Structure formats: C-alpha cells, structure tokens
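Please open the model in a viewer and keep the selection panel at hand.

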Amino acid sequence: MQKREERITRPELENMAFLFLVTVAAFLMRLYLFPIESNDYHQFLQGWFATLKENGGFAAIGMKIGDYMPPYFYILALLTYIPLNDLFLIKIVSCLADLALAFYVMRIVELKYPGRSHGAMAYAVILFLPTVFLNSAAWAQCDAMFTGALVACLYYLLVKRPNRAVLAFSIAFVLKLQAIFFAPFLLLLFLKQKVKLRSMILIPAVYLLSIIPAVIMGRDLWDLLTVYVAQSGIYKSICMSIPNLYAFLGNVALDEVGKAGVIFAGGVVLMTLFVLFKKRYVFTPEILVTMGLLFAILMPFVLPHMHERYYYLADILSVIYVFYFPKKLYTAVIMCVSSACAVGNYLFGLAYYPQQLLAIAILINLILLFKHLLELLDHSPEPKPLEAAI
C-alpha cells in the first residue's frame, strides 16, 4: 500500500511566510525600545541582576533578593552567565515570552477557524498590541510569561485537557500572583466537575517544586511559602493609576478602605460564581472564552491596590473574544485603549486621559460582557436527564 505523501498547501505556505515576517518585524520594533530604562528597572531589576551576578549567579538563588517567586530569579540567575547588557538580556527573555503568548492565542483562534488565516492574524495583533510590546521591550516587565501560561490554560480547557490546563495555571501562579485573576474561573470549572480534584492537586505540587532549588541553596522555607502574603502588603495606595472602581479615590493610602475593598471584591466574585454555578448549561468554547475574559476584567476592576498594568490578561483575552465574536469589537477597543493609556501614563508621564471616565467605560464593558455571557448560557442549556422508566 503506497504511503500518501503529505504536502504543504499554498495557503499554509502563505501563513508561514506571514508569521515569519511579522515576527521579524515585531522584534525589530522591540529592539528600538530596548535602550529605554524604566523606573522598575532602576528600582528593582538592575539591583536584582547585579546581586545575583556578584554572588555567583545560580549559587545566589538562596538569597532573599526581591519580592518575586524563585522561578523568575532562576531565569535571571541563568542570564548572568551571558556576557551581554543586563537590561537587554532581561528584555530579550520577556520578548520571547511575547512569542509564546501570541502562539497560544493563535492556537485558540484556530480552533474557531480551522484551516483559515484568522489564527495568524490574531498572532500578529498580539505582537503589535501596545500593552504587550511596551511591557516587554520598554518596561522590561515579564507579564507575558504568566499571561502566556494562563492563555495556555484556556487553550487546554478548550481542547478538554484539564490536567494540562491546571498545570499551565500552576506555572502562571509561581510566576506572578496576578494569576489569581483566573482562579475563580478555574474554581467554577471544578465546582461544575469539569476539572477533577486530582488535577487541582497540581497547584500546590508545582508551587512546592518551584521553591525547592531556593530552599536547597539556603533560603528560608517559611519565607518562600509566604512570598505572596508578604507581597500583598507592600503597596498601600488604593489605586495605582489603573482605571478601576477605586480610580475615583485616587492614589491615596487608606488602609481601612483597602481591607474593606478586598472583602467587597470577594463578595462580588462570590455572587458571580453563585449565579454561574446555579445555571445549567453546556460549556461551549464560546462560553469558556467569555467566562475567562469576564473574570480577567472583573478581578482587577473590583480589587484595591491594583497596578496600571493589571488589565494585561484582559487585553489578551479581549482580542481572542473579538475573534470569536466579531460584532463585539468595542470590547477589545475599550480594554486595550484603557490599558495603553494607563501604561503610557506610568512609562512616559502622559496624563492625557480622565482615569475615572475610562473606569466607567470598563464598568459598562463588564456589564455588557456579563449580559452576553448569560445569553450564551441560556442558548446552551444542559440536557435534562432521562426519567427512569416505571
């Protein structure tokens, strides 16, 4: 029996050429931003890198250097062995994370449009999204790392690979605390028995595995187990230039309001989960994408002490959402413009927007998104179980 020869079709070649060219263009654009030195680089990253390098690179991971989880310091420690500019090395790693993020966005969109070019276009949109390239190439931040893992989590949920999905979430969580923006979404799937308990065990398992090298090198175990607890108390400002619910209070430090705000946010999330848990429906790809975006916007909107870049995940998921629902283009426009304004304000001091007005726009966006989700749930009812024969 003659083996069928597989050939790459012309549309596939065109897509591959497009992806190559757009990747090259995206990296060239980022190179021009590499010399920018942000406040975060001067206040944190430069000192962390220097401390690791002066103390033997990977041999220094047992030191208490910064407020991040150890995996990011493992990456910085490895970079210290490369004889290049530290700022450029940090930014190159973040830009590579941009590619991984864009790749998983492309895979999710391809599920909706198999065999078409929509996935490649989504890949390009992500690479040229202002909040993405400014975050990595100008700011030297690493939000693409944990966000890429969360988008991978969504992808594996869409293809019904719950173990891989939880593993991806676990990786995101040991990179950044902001992975908790996705936690209510995962909890809902667990309550709906779409994710099993044995899968959820991966979260503490990955956490413990991630800190073992630092413990072996001398870092205090309790300190590592409570990194995020300590991190949550560092910043006192109610709103750090993000257009959310607390934008109307400004960048003031009110401890009582902050504590009350956390409880308030918990109540809002609990009510949302209760509504979504009580309704009976089938989890379609459209519902999963919409739910993911809902929590990605809701969490940083109702929580106090949020930074200007904490809509990063929402920006990415809003792009995916628009590819799934082209008529909802306004959703991505509102999110991405709002985030770009907040980032521009921090990086370049461009106070060219009324923060409270953007907060109102995001609130309206959130309400319309929730309304759309409820409509999707109503149009995807769970089949009623057959009555037992008498």
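**Helix H14**

Select H14 to begin: its 24 residues reach 35 Å from the first C-alpha to the last, close to the 34 Å expected at 1.5 Å a residue. The expected span is 1.5 Å times one less than the number of residues. Helices (DSSP H or I runs of at least four residues) and strands (E runs of at least two) are numbered from the N terminus.

The model is a predicted one, in which local features need pLDDT of at least 70 and side-chain atom pairs count only at pLDDT 80 or more, while totals for chains, interfaces and linings use all residues. Residues are numbered from 1 along each chain as its sequence is written, and side-chain values use heavy atoms, with hydrogens and water left out.

Next, colour the buried residues of H14, which are Gly258, Gly261, Ala265, Val268, Val269, Thr272, Leu273 and Leu276. Buried means under 20% relative accessible area, exposed over 50%, and partly exposed in between, with a 1.4 Å probe and protein chains only. Show H9 (183–191), H15 (285–302) and H18 (355–378), which are among the elements that cover these buried residues.

**The largest pocket**

Which residues lie closest to the centre of the largest pocket? Select Tyr235, Met240, His305, His307 and Tyr310, the closest to the centre among the 43 residues of the lining. The volume of this pocket is about 930 Å³. A pocket is defined on a 1 Å grid over the protein atoms alone, as an open set of points where a 1.4 Å probe fits, with protein on both sides within 12 Å along at least five of seven lines; lining residues have an atom within 4 Å of a point. Grid points are joined across faces, edges and corners, and a volume is the space filled by probe spheres set on the points.

Now display H2 (39–54), H13 (227–232), strand S1 (239–240), H14 (255–278), strand S2 (306–307) and H17 (329–348), each of which supplies at least two lining residues. H2 gives the most, with five. By class, the lining holds 22 nonpolar, 13 polar and eight charged residues. Here Ala, Val, Leu, Ile, Met, Phe, Trp, Tyr, Cys and Pro count as nonpolar, Asp, Glu, Lys and Arg as charged, and the others, Gly among them, as polar.

**The second largest pocket**

Move to Pro11, Glu12, Asn15, Gly115 and Arg116, which lie nearest the centre of the second largest pocket, lined by 14 residues. H1 (10–33) and H4 (86–112) are the elements that give two or more residues to this lining, and H1 gives the most, with five. The space in this pocket is about 280 Å³.

Select H3 (70–79): eight of its 10 residues are buried, so the helix is largely enclosed by the rest of the structure. Its buried residues pack against H2, H4, H7 (143–158), H8 (162–175), H11 and H12 (221–225).

Beyond its neighbours within four places in sequence, Ala214 is in contact (heavy atoms within 4.5 Å) with Ile61, Gly62, Pro70, Tyr74, Arg219 and Leu224.

**Cysteines**

How many disulfides (pairs of cysteine sulfur atoms within 2.5 Å) does a search of the whole structure find? The search finds zero. Select Cys95, whose nearest cysteine sulfur, that of Cys142, is 12 Å away. Finish at Cys336, where the closest cysteine sulfur, in Cys341, is 11 Å away and therefore too far for a bond.

Terms used:
A disulfide is a pair of cysteine sulfur atoms within 2.5 Å.
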